[in-house]
Each structure stands twice: as C-alpha cells, then as structure tokens.
Amino acid sequence: MSLSTRDIKAMLPHRFPMLQVDRVTELSPGRHIVAEKAVTGSEPCYAAVPDDAPQHAYAYPISLMLESLGQSGCLLWMQSLGRAAYEGRTALIFGSARGLRLTSRVLPGEVMRHQAWLTAVKGDTAILRGETTAAGRPVLTLESMVAVQRDVTLLA
Amino acid sequence: MSLIAEVLLHGGSPAPDVAAPLSAVDRTWTDPTGALVAEKLVVADDPYLEGHYPDGVIFPGVFSLETALQATAQHLRALRPGADYELTTIDSVRFTAPFRPGDVLRATIEVGLDDRSGTALVRCRCAGRDGADRATMRLRFTLRGTGPVA
C-alpha cells in the first residue's frame, strides 16, 4: 500500500518545513516501509551557504536525514496503531538510535529513499532498523532506532 | 554577560558555512578539563521550528545533534587547523527530555584525536540549566577523503 500526503499529515504533527517525508511508496503494515524525501536547493537549510562554498557544503544536513528516516519509521509504526494515531491522540517520540553509518551524502536534486523495518514492539516502545539510498547509491545504514508512544494530552 | 543578553545584543552566532537547518551554537568556551562547552539559546523563531510543532514549539532532538556537530566542527578546526573532518558514524544518540524556547542548551564535548588514523572520537552531553542531561551522543569523524564516505 502507499500513503497520500493527507494520510501522512493525519499521522504526523510535523509541518513545513520540518515534515521530512514527501511520499510513501510501499508499506507492509507492521513490517516494512519505503518512503522518499526529495532534496532541493530552495530549502531553508541552504539559505546561508556562501557562494564560493565547495560542493560538499551542500550535503543535506545529517540531522535532517536522521529526522527524515525517523519520521519514515514512525509512519510505519503509526499505521499499525490504527485509529488512535489517526485521531491525533498519540505522538511518537524519537528516543534513541545506535549504529548509524554514513557512506555517502545527498545533494540538491537527489531523492532520499528510506527503508525502515519494524523489528520489535514492546508495549509503548518500538524498535526499528533503517537504510537510506539516493539514486541507488548507499547513503546510510542504521542498526536500530527506538520510538516511544506518548499520549498527546500529556505533552504540553 | 548572560547568554540571553548576548543573543539579544548580537543575534547569536553567524550561520555555519555549510548547509545547516539553523545556527545551533551561540557561543563556546573551553572548560578547565579541556572539554569544549557550547551554548545555544532555544528560540521559537529559529528556522524549521514553526513546523515542530504548530501547536507549540519543541526543539527537535536532532537539532541537539546539530549543536554537537556544529560545535565539534568548530573545535576540530581549532585543534587541527587546515584539517577537514567529516562525520562517518553515530555510535549512539539518546534523547531523554526536550528543550523548549527559553531553555539554554549547554553541550559539553570531549574529543579524542588519533592522528595516525586521522580519526576523532567525540562524546557529547546536552544539558539544560539544571545540569541534567537531556541528550547524549557518541560520534566518529575521519579526515575527508580517507573514510568510507563517498
């Protein structure tokens, strides 16, 4: 199955420009997701790059790549949580990550393709692993990340 | 001068010269143990924060990682002028409590350099005013062009 932008926005509270998933092209509920985020030079993170900067200065920030992969994993878990997620009562918190290995960086004009697998769910905690590519080229692998479910009314 | 007064007067640090979601370091100094300390005043009108979230701003956990990365890059340039390090691995990162607008994020960064292999191991703790850790991370850098990053 896939998710529309409206579906994504029903499940994640993140909005422009912090919503870091553009589309979900594959989703096996409770198991696996494929999500994409296009990188463009007209994003806020590129606003202050000096004109004489080398090409590597345009590498998409690691913090945003991790956020994008994390949001992809959350969508996989949210989709399996059902109505509570869609009704906005449940928020997912990024708790931790281990073993993120970078093998290449992503440049403007490229699309990050994230895969996440749900490896375990224990109560209000989910463990996932992830992998990102761009144009078929490995970008990063993530051994594990942990997300924790919270009742949204307790967050304020 | 307090950090808040400094940011109000001078507008915080200039933006980094590589792509970055925000300027995540306002000021830095070295503490008596030789560790680098970086501070960032969390403000609601920084880039990206309007979307995290529309109903109330929470400083994204990954932006405390951004503070660690920007401060470490600055510190490595000072420790090894002319050397160009890049991040290759995040061994671990843990977010235990959020920062909100008005909080001062204080990141304490310890760097272990191995010049033979051209690597830097970095431990970072991010705490609020009460000194309790809200984020911790262990990172590895290598000299650009020598590591696995293409």
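**Cysteines, rings and loops**

Modeller: Let's start with B:C124, which is buried at a relative accessible area of 2%. Buried here means under 20% relative accessible area, exposed over 50% and partly exposed in between, with a 1.4 Å probe and protein chains only. This is a predicted model, where local features need pLDDT of at least 70 and side-chain atom pairs pLDDT 80 or more, while totals for chains, interfaces and linings use all residues. Residues are numbered from 1 along each chain as its sequence is written, chains are lettered from A and ligands numbered from 1 in the order in which they are written, and side-chain values use heavy atoms, leaving out hydrogens and water.

The cysteine sulfur closest to that of B:C124 belongs to B:C126, and at 3.9 Å it is too far for a bond. A disulfide needs two cysteine sulfur atoms within 2.5 Å, and the search of the whole structure finds zero of them over all chains. In chain A, A:C74 is buried as well, with a relative accessible area of 12%.

Now to the rings. A pair of aromatic rings is described by the distance of the centres and the angle of the planes. Rings of Phe, Tyr and Trp (its six-membered ring) pair if their centres lie within 6.5 Å; planes under 30 degrees apart count as stacked, over 60 as edge-to-face and the rest as tilted. Over all chains, the search finds five aromatic pairs. In one of them, A:Y46 and A:Y60 have ring centres 6.5 Å apart and planes at 45 degrees, so this pair is tilted. Both residues lie in the loop between β2 (32–38) and α2 (62–81) of chain A, so the pair ties together parts that are 14 residues apart in sequence. A:Y46 and A:Y60 are both buried.

Another pair, A:F94 with B:F95, is edge-to-face, at 5.5 Å centre to centre and 75 degrees between the planes. This pair crosses between chains, from strand β3 (residues 90–102) of chain A to strand β3 (residues 85–95) of chain B. Strands (E, at least two residues) and helices (H or I, at least four) are DSSP runs, numbered from the N terminus. A:F94 is buried at 18% relative accessible area, and B:F95 is buried at 12%.

Back within chain A, one aromatic cluster is formed by A:Y46, A:Y58 and A:Y60.

A:F16 and A:P17 are joined by a cis peptide bond, with omega about -5 degrees, and A:P17 sits in the loop between α1 (5–11) and β1 (23–28) of chain A. Chain B has a cis peptide bond between B:H52 and B:Y53, with omega about 5 degrees; B:Y53 is in the loop between β2 (36–41) and α2 (61–79). B:Y48 also belongs to the loop between β2 and α2 of chain B. Its phi is near 75 degrees, a positive value in a residue other than glycine, and B:Y48 counts as buried at 1% relative accessibility.
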